[in-house]
Amino acid sequence: MPGSGWLARWPVIRQLKGEDPRGSAARSARTDALRPRTERADTVARSVCPYCAVGCGQLVYVQDGRVTQIEGDPDSPISRGRLCPKGSASKQLVTHPGRQTRVLHRRPYGTEWEPLDLDTAMEMIADRVVRTRRETWEQTCEGKVVRRTMGIAGLGGATLDNEENYLMKKLYTALGAIQIENQARI
Amino acid sequence: MRTEGAAVPEAEAGFRSYYGKPVIKPPVWHEPHMPTYLYLGGMSGVSSSMAVMARLTGNHRLARTARLAAAAGAAVGAALLAAELGRPERFLNMLRVFKPTSPMSVGSWILAAQSGLSAAAASADLTGGLLPAAGGAPLLAAAGDAALLATGLTGPLTATYTAVLVADTAVPAWHEAYRELPFLFAGSAMAAAGAVAMLATPRAQAAPARAVAALGAAVETAAGTVMERRLGMVGRPYREGRAGRLMGTARMLTAGGGLLAAVAGRSRVLTALSGLALTAGSLCTRFGVLEAGRASAADPAYTIVPQRERLSAAS
Amino acid sequence: MAERMGFFTDTSVCIGCKACEVACKEWNQLPDDGFVFEATSYDNTGMLGASTWRHVAFIEQSRPVRVEGDEGSVDRWLMSSDVCKHCTHAACLDVCPTGALFRTEFDTVVVQSDICNGCGYCVPACPYGVIDRREGDGRAWKCTMCYDRQLGGLEPACAKACPTDSIQFGPLDELRERAEERVARLRADGHEEARLYGESPSDGVGGAGAFFLLLDEPEVYGLPPDPVVTTRDLPAMWRWAGAAALSMAGAVALAFLRGGALPNHQASVRGGTR
Amino acid sequence: MAECHPVGFQWVMEAKARGARIFHVDPRFTRTSALADRYLPIRAGSDIVLLGALINHVLQNGLDFREYVLAYTNAATIVSADFRDTEDLDGLFSGWDPETATYDPRSWAYAGTDEQPQGEHVEGGRRHAEAAGPESYGAGGAGAHPSPRTDPTLDHPRCVYQILKRHFARYTPELVERLCGIPSAAFAELAEAVTANSGRERTTAWVYSVGWTQHTVGAQYIRTASILQLLLGNMGRPGGGIMALRGHASIQGSTDIPTLFNILPGYLAMPHAHRHDDLNHYLELEGGETGFWGNRRSYLVSLLKAWWGEAATEDNDYCFGHLPRMTGDHGHYTTVMGQIDGTVKGYFVIGENPAVGSSGGRAQRLGLANLDWLVVRDLTLVETATFWRDGPELETGEMRTEDIGTEVFFLPAASHVEKEGTFTNTQRLLQWREKALDPPGDCRSDLWFYYHLGKLVRRRLSDDEIDRPVRELTWDYPEHGAHREPSAEAVLREINGVGPDGRALSSSTQLRADGSTACGCWIYCGVYADEVNQAARRRPRGEQDFVAPEWGWAWPANRRILYNRASADPEGRPWSERKAYVWWDAERGEWTGHDVPDCEIGKPPDYLPPEGARAQDALAGTDPFIMQSDGKGWLYAPSGMADGPMPAHYEPHESPVANILYGQRANPARRTFDRPESPYNRPGPLFPHVLTTYRLTEHHTAGGMSRPLAYLAELQPELFCEMDPRLAARLGLGNGDWATIVTSRTVLEARVLVTGRMRPLRVEGRVIHQIGLPYHWGWGGGGLVTGDVVNDLMPLVLDPNVYIQEGKAMTCDVRPGRRPRGRAMLDLLETYRHG
């Protein structure tokens, strides 16, 4: 075969050899190598869209530790592989540059955020929970035993997993925190 | 272009559109690169023809001017074209394929030939002039002459292919003008090349240049008039707005410059006036045509109304 | 060559959700198009462009209603997802000087971003205003009908996402049949205004690889009513240009031979008669 | 539905293609209207008139599905002679106590049920109502007499059927035209379609979202639809029902396993200090003894065993005393008032953004600014985390950063692909998500956060008695990976429950009241049956039938249609071949069909309960509504509702028109807050227009998950208000201009979208303009686009049953131009409050 160098790949030469200058002769090496990037994924997770409650199936493609694509799961009897604009933007939801990945702390009366170590933050929060609970403990109310704290409240979104809600309710209830609410009220 | 009220303004100007938005995209080519290139390409092409004729008729002074003008026009024009690209470093991709369906592909090959040949012709002439006693001079001169003669073919193509380039688009004011545009461009190119030669050649040797300029002005004016008359509504962008002003100015400068060229004779002042007017006129024409295309693309009326008329005529 | 693949966009079931726009951008990793409120119904995209390869048009219409207090109330809201037509006779492909635009084995028209040098010629050549050059990037971009996905046997991202199957993807012949049936059904149901757009191989672009079922005139959706590939007239253009070139050469020759003879000829060449 | 649930809408389009007719009722012409066969514009807040008129149409013309109604509803039941209707009392039912602004529901009871509990102990009573008690009926009904007196001829003047007929008699097409703004011809077409498409061969389905719930009569909206669907025989049947389209991935799960103040997992009521002394007392009062709810002792004891394990014994009431007690409303808005008043010190905000997402945002922010500490967990820096540095009160000078003492912790959260767990979708379907990858940086799941927080708290405990519930809590889950992520499957297994042998249970019928079983949420029992994560099942749809029972797992017992016993006639035969769903197979002696039958599989249709039977044994073989104490669908609710046994039309709290039906203008039992932070619009010409709010397809709720995304933000980049052309012309506003919208709560600005999709309605002889505002914007939150906070406009006024705020209908004023800034904005607001 004459030449495999640039000259042989030069479309004008391919054209002279009879290839279509508007078709095959014009193809670049990159074009010849094109494949859907999902084929290069290391893993595919079967997930569910996090926006509304229809519960559309999603396939999450991961390559080299990064999400490379999220699209509908055609197997789902609910969504049949389809997604709305929000569901279609799910990859951006998990990869967009505005996502916060570090703990931030604002001191009382502070004017700026300060960085904080995650473990330290957890210890500090646990301290505050225990302290506030003790300080605001209510053993009785209107003559009745209530065993609770009105000093700690919680509000959760409705994109929390059932397992998460369960642990939340379990812990809060044991702590005696009752002002525990959810988007479901709103 | 936004219209008040939420519904599509119906039958507002005898046609319907999507919020008055254009149907087609306006040309992305920038000023001054593209119109200047059109001017330079035309000037270069006609200069080549003049150089050939001057060489054949023995008008060496004029031939030299024209050779240089042809080479300079092609080189600078090519540089402007490259600068106009979104990815100038990929300029050479223009020669990746040869596509007869693409006036720009054809034009690129033409321009490649024209710039190469005119550069060869010019440099042979220049070297010959600088080194009259050098040994290889006759050989060089012969090669230069051969290149020059070849530009006799590429020159006219360079001067006129650009009309096909702009006409082969969906821009109504360009596409519909595909008959007249080549003549308009040819005339404009003659006027431009004639003007350059007039200005840069001793007046004694410049008579053919003045004739070329005058003829060019006449051709351009005639073609322009015919074009606008024939295009009717689609030709409106050539008469209105910025494009209209440019085209009007071009018309005056070209006609005036052409008349002056015809009568300038050996008058220094008149020659200068004529040459400058024609140069400016030719540039105005190129800027005007580009601007008219842009205006024509931006207003959906020029796209929709003729197509609607075509459909009703067919049904 | 594989079977010709295409899009059939049935706007009669489009809900204007714009999933197609987003799914396209996610797959093709396109930049955003700016954050501008257009006040054109729910359309803040405007039109197709270098970074928007699907565009949903929103058209609010009212028919005369003779109920007091109901004048001008909208009773029809047309939505339609526009896309590159992948023409049989594609002007962008015809005029591309570099071969960046080429026809694939699926009979679609694709720009090769590693080849395109941003000459911009395809932009005004397209009779639908689809392809555009991206600011900053300098290259021309448009819908590829997810060529890479097709190479892996996947359907394009927009068609896959479309919740109501308004965007259908498949072999063009099948789609045309399906579309004919659909339009017949709609007409039988009293939607006289239903019509196909771009499906006929005898139209000015030889039929589109992406065609539409519309409920009003094409221009209402921002589509040209009778698009023609500009290169249809190219031979004529070359003829006229050739005539102009010859005329020009002739005129120059005339200028030299008639009016422009040299008064003092020390000419070494006995020219003009050879 | 096309707007907010586009992918679900594919099934509506599918039905339409098969010949279903789609009606869309909405204040605005939306993307759903565009695809519907008919669009009916309606004044926001008047839906009970429309639905009531449909009920009236059915009753007056005898169009009910009589066989279904007689067998499956309480139509024939005789109601107490003490009952007085709103028609008698000008908009109040009997039992109204103006002092406490609550109903005593005793007079609503069935006739001859004198033995039922009295006073405080009645479900629906004051203490019950003041703690949103009715919400605990998410899995079952309130208690009522199991076999009350009936009149199968339906002629008895005090039978439910006749009461209903009288109650709705004035809900006529003319009234619909006058109050809703729907022309009577359009109503007639709707009524004809709904009734013609109901019965043996056909069913009609209703779909709603928060357009029905976010009202001061929200729960009664749903009741009205339920009555209509029961009369037409559309409940428990394929293609029927009332579909609540919920707006968040697991908002159904968030009430099933609630992070709500008034319920425990599985809709068991939180104990109330004044209603419940001990376990027995609690069980006695919460629900009837008959029907499946009669098993609630098993459900609660199993829950307590799941939480306190070995420590929970029969002797200590299974640690029932560990549960904190309610004393009233501890809901979201009351909690915010507690923050403002300084009683609430610490606040966890998890994947939520009340600073822009809750009604009356100003009160929310005042509350946040008065905390000792605040923990916010989210994907981006939502406004709730940053209010102290960029909140709107800083611009007006009402707050200064250096004066705000709140300590704020922002902890980044893992996204839905970075953790595993289940969402419960709008159809009660649990779907397990596989984890795709680890979360980046400090991002962690909320499961991780609460598990490790619990461990850290437990490390800090003393021997003090108050620490006992935490000390004895079962809090030991396997940990995985470098982040020591607790196992979500282990938690799901605990939710499912285990038997005495330690093996996962497969059905809630296995739950025992003797402490031998443990189960975290009885309605989810079976999700881990056979030690298999049933929610993770993904059998492709092509490989199973249309019910697709092997995709995920639906509570209860993987049933896809609730109360599906009603899809068969009393004898157990399908009502029609076309509508066959489950049926009695006499040969095999069991129920069978496409779905899991929603009754005991071996209970024959002719089963009659013996005297004194309890729980499910007390229900006949013909009783499909197995969670109700009488097994019947309730056309009339003798108990359980805080605001009446039947729905009545009340105007929204803020309405530009009077209530022409009753002297009582708005729901008398609605919950209001008399607070200066969030005053109400004064009636009168100052606020002439109706304001309604909604979502757009392109965004999500308050925008936390959509505004930071370029691909979504560019599609709807700016807050706009939709306005009809006539009002716009009157105000001199053009398309794309700016307008200022005012309520007593705040002033905001929006771009104007002049559109004929908004229609002025002729209501009570005058033209009412409705203004539409999508509520997705805020001032920051990592958003690429910003805008004023629409929720700030809303009044704090709640439905009395479930304490949801009235966000869908209020009054407002509109002014041309942009709003004033800073102090000037407060001055303008003053003129509206007091001017």
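1. The contact between chains A and D takes 100 residues from chain A and 129 residues from chain D, two residues being in contact if their C-beta atoms, placed from the backbone, lie within 7 Å. Helix H7 (residues 162–175) of chain A gives the largest share of the side of chain A that touches chain D, 13 residues. By class, that side of chain A has 50 nonpolar, 28 polar and 22 charged residues (Ala, Val, Leu, Ile, Met, Phe, Trp, Tyr, Cys and Pro count as nonpolar, Asp, Glu, Lys and Arg as charged, and the others, Gly among them, as polar).

2. This is a predicted model, in which local features need pLDDT of at least 70 and side-chain atom pairs count only at pLDDT 80 or more, while totals for chains, interfaces and linings use all residues. Residues are numbered from 1 along each chain as its sequence is written, and chains are lettered from A and ligands numbered from 1 in the order in which they are written.

3. Strand E4 (residues 104–106) of chain A and strand E11 (residues 407–412) of chain D run antiparallel and are joined by three bridges; strands pair if DSSP finds at least two bridges between them. A:Arg106 has D:Val408 as its bridge partner in E11(D). Helices (H or I, at least four residues) and strands (E, at least two) are DSSP runs, numbered from the N terminus.

4. In helix H9 (residues 184–196) of chain D, the buried residues are D:Ala186, D:Phe187, D:Leu190, D:Ala191, D:Val194 and D:Thr195 (buried: 20 or more other C-beta atoms within 10 Å of the residue's own; exposed: 12 or fewer; partly exposed: in between; C-beta atoms placed from the backbone). They cover an arc of only 155° around the axis, so they lie on the same side of H9(D); the arc is that of the directions from the helix axis to the C-beta atoms. D:Ala185, D:Glu192 and D:Ala196, on the other side of H9(D), are exposed.

5. The cover over the buried residues of H9(D) includes strands E1 (23–26) and E2 (38–41) and helices H3 (47–60) and H8 (173–180) of chain D.
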